[in-house]
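Subject: Structure handover

Hello,

Here is the structure we talked about. Please open it and keep it beside this email as you read.

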Amino acid sequence: MREITLSKAVNEAIAEEMRRDPTVFVIGEDVAEAGTPFKVLSGLVEEFGTDRIVDTPIAEPGFMGIAVGAAMTGMRPIVDLMFGDFLFLVMDQLCNQAAKTHYMSGGKLSVPLVLRTNMGATRRSAAQHSQSLHALVAHIPGLMVAMPSSAYEAKGLMKTAIRENNPVVIFEDKLMYQDKAPVPEEEYLIPFGQANVKREGTDITLIGTSSMVQVAEKAAEILAGQGISAEVIDPRTIVPLDEATLLASVKKTSRAIVIDEGHQGYGITGEIAARLNEKAFYHLDAPVCRMGAMDVPVPFSPALEDLTVPTPERVAALAARLVAGEMLHDA
Amino acid sequence: MTHEVIMPALGMAQETGVLVRWLKEPGDPVVKGEPLIEVETDKAVQEVEAQADGFLGSVSAAAGDEVPVGQVIGKIYVDASAAASRERDETVPEPSRSGPEPAPSPEPASTAPKTEAPQASNSLGVKTHSGRVLASPKVRRLAAEEGLDLELLVQAGYSQPFHVSDLTALRSIATETAAQSIAPASAGARRGRLDAVCDARNLATLREQFSSQAKLDLPPGVFFARFAAQALRASMDRTDELVIRLEKLEGAKFAQPTLYIDPDQSRLTTDPTESEAEATLILRDLTDSALSGVMLIDDFSGPILTVARDEGRGLFILGLDYGTEHLTNDAAIAVLTYFAGALADPLVHLA
Amino acid sequence: MTQPSNTESYLRMYTQMVRIRAFEDQANQLYLSAKMPGLTHMYSGQEAVAVGICEALTSDDKITSTHRGHGHCVAKGAEFKQMFCELLGKEEGYCRGKGGSMHIADQSNGNLGANAIVGGSMGIATGAAMSARARGSGEVAVCFFGDGATAQGLMYEVMNMAALWKLPVIYACENNGYSEYTRTDEIAAGSIVARAEAFGIEAHQVDGQDVLAVNELSQKLIARARKGEGPFFIELMTYRYHGHHVGDINREYYRTKDEESDWKSNRDPITNFGRWLTEQGLVAPEDLAAIDADVYKDAEDAVAYALAAAYPDGSEVDMHVYAPTDPATLRVGG
């Protein structure tokens with residue numbers, strides 16, 4: 001099978017859906033000729049023109065609000081938010097307007113839009129261009145949240161996101177744009193709420209999101225060398241979350257670590273760990289552990305920044321301690 | 001004759017030392033020149049040898065304690081019994097941690113799955129809360145499903161917390177324990193003996209009434225077990241589970257023993273259990289034999305109650321053998337007195 | 001336009017204004033008698049704005065509304081029963097009781113909903129206009145907002161884009177003199193219309209108490225917007241009779257009773273329009289009285305209906321969080 005970059009996969013997904021459905025359009029800063037700073041959208045404006053690949057002023061709340069209005073009236077906008085950090089700018093339009101419209105209207109109005117943005121540290125971009133803020137939106141009922149972990153996932157999830165009748169926030173890891181993965185030529189979609197068991201194992205479940213799936217897979221390799229069999233699961237979408245697959249795995253392995261690049265405090269890792277704890281308690285042979293990013297603003301210095309995110313080595317070390325039955329904290 | 005173990009001064013300007021761990025436990029024999037403690041000074045850990053032969057008695061410092069140089073941290077006794085009796089010397093503060101002292105692991109934690117053998121420690125050390133067994137939710141559930149008591153692992157010295165990997169060990173300990181439910185009396189224990197007689201006719205009448213009015217044929221052992229349990233509770237304020245093991249001598253042979261669990265809290269018609277729980281008390285029913293009392297060669301350390309019958313005088317002949325580790329003399333007297341009273345007036349005591 | 005059709009449309013405007021007033025009188029009573037949960041904001045006094053504009057729109061044209069939105073909803077064609085049911089949280093409400101006073105939406109008449117965030121719907125209205133143009137529907141979107149919302153940054157972001165892209169949107173600023181509990185001149189520097197003009201948007205100021213003036217201007221601007229000459233901005237000078245919300249009773253610290261009574265006595269949009277209709281000989285005073293009586297009767301009946309109506313079943317609490325998507329469309333080739 002051919003291999004393409006995640007960037008190309010996203011581009012293909014959007015182009016395919018724009019050809020399929022004339023109501024789909026892209027709106028955001030420097031999406032047309034510039035094709036975004038990461039060049040993810042390059043070439044789209046040549047095919048679809050500036051009416052459907054719409055460059056905006058630097059006005060995130062404004063174009064987010066415009067997208068909400070367009071979505072409520074028959075269009076399917078794809079909002080391009082240049083950096084995930086700018087989510088804070090669009091929170092009212094995303095969380096007070098887009099997320100709640102269907103509910104507040106008793107189901108009469110809906111907001112089928114995609115907000116595509118990015119996440120991920122270690123690009124030396126410092127505190128305002130490195131955040132992973134998916135927990136922020138996953139907290140808001142009415143929003144769906146997808147977290148592709150490879151080019152293959154990025155394409156399939158993007159196509160589903162565009163066809164969904166709900167606001168979907170899709171987070172791409174900006175460090176993965178040039179990562180290649182096998183992506184079939186033929187059309188495919190990846191359904192929401194269906195986790196992907198990337199690797200089967202019996203001793204511990206490693207649940208990773210986005211780029212942390214790769215971290216989990218590398219950790220599983222390290223662990224295999226120590227005779228520990230780790231299962232790796234990519235939830236793909238955190239809203240909706242495929243609890244059934246996660247629970248089945250944890251009931252099998254009795255142990256789990258949830259790995260995510262958002263801040264650990266009050267984050268995705270805690271939410272998933274809590275659900276496993278509630279629903280698989282009597283199957284747990286060790287505490288379900290969280291490994292998120294450190295609860296510090298992302299520092300600039302490479303020497304510091306690399307300390308803030310989970311690494312395969314740290315995941316493997318924690319997993320080994322859990323499998324060994326070590327007590328992590330004082331009783 | 002005792003020898004004091006003292007926090008040594010190992011450094012030039014050392015005021016205190018950290019006791020890393022005891023290499024012996026209280027009661028262990030100690031040979032002069034053998035490593036006895038590990039002490040940390042100036043970030044270096046050194047072994048300190050015992051200065052005398054004997055047995056380690058009370059210790060007043062626990063692993064991790066910082067102790068001023070020159071302070072007594074334990075005592076070596078020349079004989080074992082003295083060491084044992086001094087283990088709870090009230091003048092010496094208890095070690096802050098109960099159970100076998102956890103030693104800080106000098107190496108990073110093992111990543112291999114836990115083996116069946118008891119592990120000495122883990123990197124944090126385990127502080128058990130009083131009575132609370134630390135175990136994973138899963139091993140708790142599985143142990144409960146199999147009727148296994150995690151406490152057995154604690155008693156066997158396995159380090160906590162327990163995980164599913166400890167189940168294998170727990171199963172084998174439980175099997176051994178069941179086999180040894182008639183446990184050998186410990187060497188130092190002493191046994192006592194009490195005898196009594198009481199009227200047997202009222203119980204006979206009561207059993208006839210059950211038979212004629214309720215079509216219930218209740219063997220005397222049912223009543224013996226119930227009243228024995230009542231006697232233990234009433235005399236000793238026991239609220240835990242009482243297991244009465246009934247051994248009936250039929251002619252010249254003991255029948256298969258039967259177990260009654262909490263018979264004082266069950267219906268009279270409750271059948272004996274099939275389980276192999278450890279007996280609290282053995283009840284020997286001699287009423288269908290010619291014997292009026294037995295004192296067998298026994299491994300059981302708990303109380304043994306015998307009931308024989310004097311047919312001619314309409315009396316039960318009662319005997320209570322007991323070990324001092326289970327019953328004091330006063331408690332034994334109270335138990336047998338209650339039991340005799342209940343047999344003499346069973347209707348009242350069935351209420 | 002011929003005289004009879006004008007009269008017909010005048011009477012319709014009159015009736016719609018009376019309907020808004022009657023609705024608000026009833027809502028006020030419901031709230032004060034503790035029969036209505038939550039909080040609500042009265043539109044009374046501003047009727048000519050909503051009616052003058054909405055009478056110039058088709059039912060396909062879109063509006064976005066505000067927390068003070070009952071008037072827009074009525075003017076855009078909503079029914080009393082579903083509105084009162086919504087205000088009372090009943091199952092038959094426009095939003096099945098999930099929105100309430102501040103979130104009434106009536107998509108069948110093009111009302112995209114009231115918004116409890118001041119200025120929150122400016123993007124939505126602009127987006128609806130963008131959508132209308134993309135779909136080639138010929139629709140126009142009107143964004144209702146108050147003078148208070150002119151302080152929100154979102155307004156300037158979307159007006160900038162609407163002007164750049166010549167979107168068919170009309171920004172209707174209802175300047176009722178007060179930004180919640182504060183006089184507008186204390187929160188708005190310079191000129192409000194000049195702000196729109198700075199983006200090259202044609203802006204007008206009009207007497208918001210004069211329904212004919214509002215309607216006439218709206219007709220023109222809406223027609224031009226449909227032809228791609230938008231966007232436009234209108235500042236409608238009006239007055240709210242009640243406090244910021246129904247419970248805002250003691251408001252002398254920000255405005256006098258004399259001022260209120262002056263607007264009510266001399267500048268009431270309904271009274272003045274009714275007087276004009278009779279003075280023009282278009283309608284007899286008793287005909288207007290009959291209209292008033294009918295409308296008030298309708299409102300009372302609707303209130304009684306809504307009070308007796310059922311609450312939604314508890315099972316609806318987690319319905320409508322997510323819109324269903326046809327599984328077929330989520331498949332290859334779908």
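Start with A:Thr73. This residue sits in the loop between helix 3 and strand 4 (76–80) of chain A. Keep in mind that the model is predicted.

Is A:Thr73 buried or exposed? Its relative accessibility is 6%, so A:Thr73 counts as buried. The cut-off for buried is under 20% relative accessible area.

What does A:Thr73 touch, once neighbours within four places in sequence are left aside? The partners are C:Lys62, C:Leu112, C:Gly127, C:Ala128, C:Ser131 and C:Arg135. Within chain A, take A:Pro112 as a reference point. A:Pro112 is 39 residues from A:Thr73 along the chain, and their C-alpha atoms are 9.7 Å apart.

**Where chains A and C meet**

Now widen the view to the whole contact. Chain A puts in 48 residues and chain C puts in 43 residues. How much area do chain A and chain C bury between them? The value is about 3600 Å², with 65% of it on carbon and sulfur atoms. The size of an interface is often given as the accessible area lost when the parts come together.

Next, the polar side of the contact. Between chain A and chain C there are 22 residue pairs in polar contact, counting pairs with both residues at pLDDT 80 or more. The count of salt bridges between these two chains is zero.

Which elements of chain A supply at least two residues each to the side that touches chain C? Here they are:

- strand 2 (24–28) and strand 3 (53–55)
- helix 3 (60–72) and helix 4 (87–104)
- helix 6 (151–163)

Helix 3 of chain A gives the largest share of that side, with 10 residues. By type, the residues on the chain A side divide into 22 nonpolar, 18 polar and eight charged.

**Chain A and chain B as folds**

Chain A has 11 helices and 14 strands. Its C-alpha atoms fill a box of roughly 60 × 40 × 40 Å, taken along the principal axes. Why does chain A agree with a compact globule? For 331 residues, such a globule would have a radius of gyration near 20 Å, and chain A has 20 Å, so the two agree.

Of the 331 residues in chain A, 67% are buried. Look also at contacts in chain A with a separation of 6 or more. Residues 24 or more positions apart account for 81% of them.

Chain B has eight helices and 15 strands. Of its 351 residues, 41% are buried. Among contacts in chain B with a separation of 6 or more, 58% come from residues 24 or more positions apart.

**A buried arginine in chain C**

Go to C:Arg255. You will find C:Arg255 in the loop between strand 7 (232–237) and helix 10 (257–266) of chain C. Its relative accessible area is 2%, so C:Arg255 is buried.

Which residues does C:Arg255 touch, not counting those up to four places away in sequence? They are C:Tyr178, C:Tyr239, C:Arg240, C:Tyr241, C:His242 and C:Glu260. The side chains of C:Arg255 and C:Glu260 are joined by a polar contact of 2.7 Å. A polar atom of the C:Arg255 side chain also lies 2.8 Å from the backbone oxygen of C:Arg240.

**Backbone details to check**

Two peptide bonds come first.

- A:Val239 and A:Pro240 are joined by a cis peptide bond, with omega about 0°. A:Pro240 is in the loop between strand 12 (237–239) and helix 8 (243–253) of chain A.
- The bond from C:Gly230 to C:Pro231 is cis too, with omega near -5°. C:Pro231 is in the loop between helix 9 (211–226) and strand 7 of chain C.

Then look at phi in two residues.

- A:Ser210 has phi near 50°, a positive value in a residue other than glycine. The loop between strand 10 (204–208) and helix 7 (212–225) of chain A holds A:Ser210. With a relative accessible area of 0%, A:Ser210 is buried.
- C:His320 has phi near 75°, again positive in a residue other than glycine. C:His320 lies in the segment after helix 12 (285–308) of chain C. Its relative accessible area is 16%, so C:His320 is buried.

Best wishes

How values were computed: Residues numbered from 1 in each chain as written. Chains lettered and ligands numbered in written order. Predicted model: local features only at pLDDT ≥ 70, side-chain atom pairs only at ≥ 80, totals over all residues. Heavy atoms only, no water. Contact = heavy atoms within 4.5 Å. Buried area = accessible area lost by both parts, 1.4 Å probe. Salt bridge = Lys/Arg side-chain N within 4 Å of Asp/Glu carboxyl O. Polar contact = N/O pair within 3.5 Å; in protein donor to acceptor, adjacent residues only side chain to side chain. Helix = DSSP H or I, 4+ residues; strand = E, 2+ residues; numbered from the N terminus. Nonpolar A, V, L, I, M, F, W, Y, C, P; charged D, E, K, R; others polar. Rg over C-alpha atoms; globule rule 2.2 N^0.38 Å. Buried < 20%, exposed > 50% of the residue type's maximum accessible area, 1.4 Å probe, protein only.
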